[in-house]
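Me: I've got a model open and want to go through it. Can we take it piece by piece?

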Amino acid sequence: MSSVDRELRAAARHFGRRRFLSLTAAAAALAFATNVPAAGAAAVGKLDTAKLADDPFTLGVASGDPLPNSVVLWTRLAPSPFEPGGGMGGLAATVQWEVAQDELFAVVVRDGVGTAFPEYNHTVHIEVDGLDPGREYYYRFRTGSWISETGRTRTAPARTAAATTMTFAAVSCQAYHDGYFTAHRHLAQDDVDVVFHLGDYLYEYAVNSSGGARRYPSGTLPDVFNRETLTLEDYRLRYALYKSDPDLRAVHAAHPFVVTWDDHETENNYAGTVDEHGSPAQEFLLRRAAAYRAYWENQPLRGAQMPVGPDLRLYRRLHWGTLAQFDVLDTRQYRSDQAYGDTLHVPGPESDDPSRTMTGKTQENWLIDGWRSADALWNVMPQQVCFSQRRLDLNAQALVSMDAWDGYRASRGRILAGAKSAGVENLMVLTGDVHVSYAFDIKDAFDDPASRTLGTEIAATSVASGQDGAEQPPNWDTYMRANPHLRFANGRRGYARVELGRQTARADFRTVPAVTTPGAGITTAASFVTEAGDPGLKPA
């Protein structure tokens, strides 16, 4: 047993008794710190930022969760990002920020001062209020003599504004070791209002010194990445690796993000308190707390999303005037364990047990209640795993994924029944996870192609996960024949771009031919439209 494993097990036992009796357990318990820096943080020294010899803004800037009068701004101070603590010496640091109407900062409309605390790994989350609805802004940070790159963000329209259009992108699954983030470079240059990241922002797997499929010269990356993430420091360092990528930095600086997670930000295919190895729940919750803490630290999220131990309420609701309501789901933290050992399996009594849930009862009720009170034309549900039925073979009783909604059919049925009872006419589900672009019609009865179409599902392919992929993977013909409601599938990397209007919504599937070599171009592989009030995808 490794020393890390011993520390985790010791900390988990003490967590179970709500006590931490050893130094290793106390160190691991940092993952459970909540709210503001702990008592004694005030005694932590302040860094004289004028003495910072190296650029501390190595990981860029970001913004997120736009409201009509507010956005969240993010950065992290890390002059040595691949070292624990980022080279900040464990000292707090003062950071100035400003928001302007123009890129030259001639008209600054908001500014202020924040503190980068070592307890939060010197990340800064600024919730800027008092902004005008529906407009573009520019922002930047300053500490000592260093000024960050400039980011661009925007606010949502006024809550009651009859916005006529908005354009957003959906991205997912960016395994650093599988290739370059070329899709992000192109998305940074695209004209979208918001980017929805649907999960697998990072992967817990080891990254060797050559960056895996990126094939850097041997020894380029330090050994700290060549192990699976288990501890808070592991996760923090992995975010530093990912955020050092210039294409990811560029897309964060170009557009506000709305983020949600899937499994790999913590561990592959975990379900609630159950990991894929069957570890004691107390042990896994310690790891989950570390992963959730690092996630919040490194994303443009509000204080309302700050984790409390191994819990973080990530599901939330955003609006774009009366044009669109976005109900952002979390399908990992509250789900029942996968049925049939998480194998590919035909549906059966275990998977169809009506007590099983993908969202948990509280989140399910929140979603349906939100639909009942909605006044938006489009109800968009950004979430993680494939929502529509996806039969994996041509047998009468086909195999399906137990990790997707096919493994939680009763839960999916309750969601769709809730949408119908709420009178939702224009449902759009956004999906990541599968490393393929999919366009689905969501059917009232998936086994009956003639049944009513209730909405559309747009699955965004991966940014890098799965390496280059193929336009038509080996299973392409089988999937298309087995699923008549599947209108399109493409296995290349890229992203989805969706334009919502008052009459129609248009989805463009943007793909790149390669990610294992940098610099590939981008094309639109296919485009579809669905009409408001008449769900169903048609080629554009």
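This is a predicted model: local features need pLDDT of at least 70, side-chain atom pairs count only at pLDDT 80 or more; totals for chains, interfaces and linings use all residues.

Me: Which residues of helix α5 are buried?
Reply: D247, L248, V251, H252, A253 and A254 are the buried residues of α5, which spans residues 246-254. Buried means under 20% relative accessible area, with a 1.4 Å probe and protein chains only. Helices are DSSP runs of H or I, at least four residues, and strands are runs of E, at least two, numbered from the N terminus.

Me: What covers the buried residues of α5?
Reply: The cover includes strands β1 (61-67), β6 (136-143), β8 (151-154) and β11 (257-259). Helices α3 (182-189) and α4 (232-243) are also among the cover.

Me: New topic. Which residues have the most contacts inside the largest nonpolar core?
Reply: Y176, L187 and Y242 do, in a core of 51 residues. A nonpolar core is a set of buried Ala, Val, Leu, Ile, Met, Phe, Trp, Tyr and Cys residues joined through side-chain atoms within 4.5 Å.

Me: And which element gives the most to this core?
Reply: α6 does, with seven residues.

Me: What does Y176 contact, leaving aside neighbours within four places in sequence?
Reply: F181, V207, G211, R214, Y216, L221, L241 and Y242. Contact means heavy atoms within 4.5 Å.

Conventions: Residues are numbered from 1 along each chain as its sequence is written. Side-chain values use heavy atoms; hydrogens and water are left out. Buried means under 20% relative accessible area, exposed over 50%, partly exposed in between (1.4 Å probe, protein chains only).
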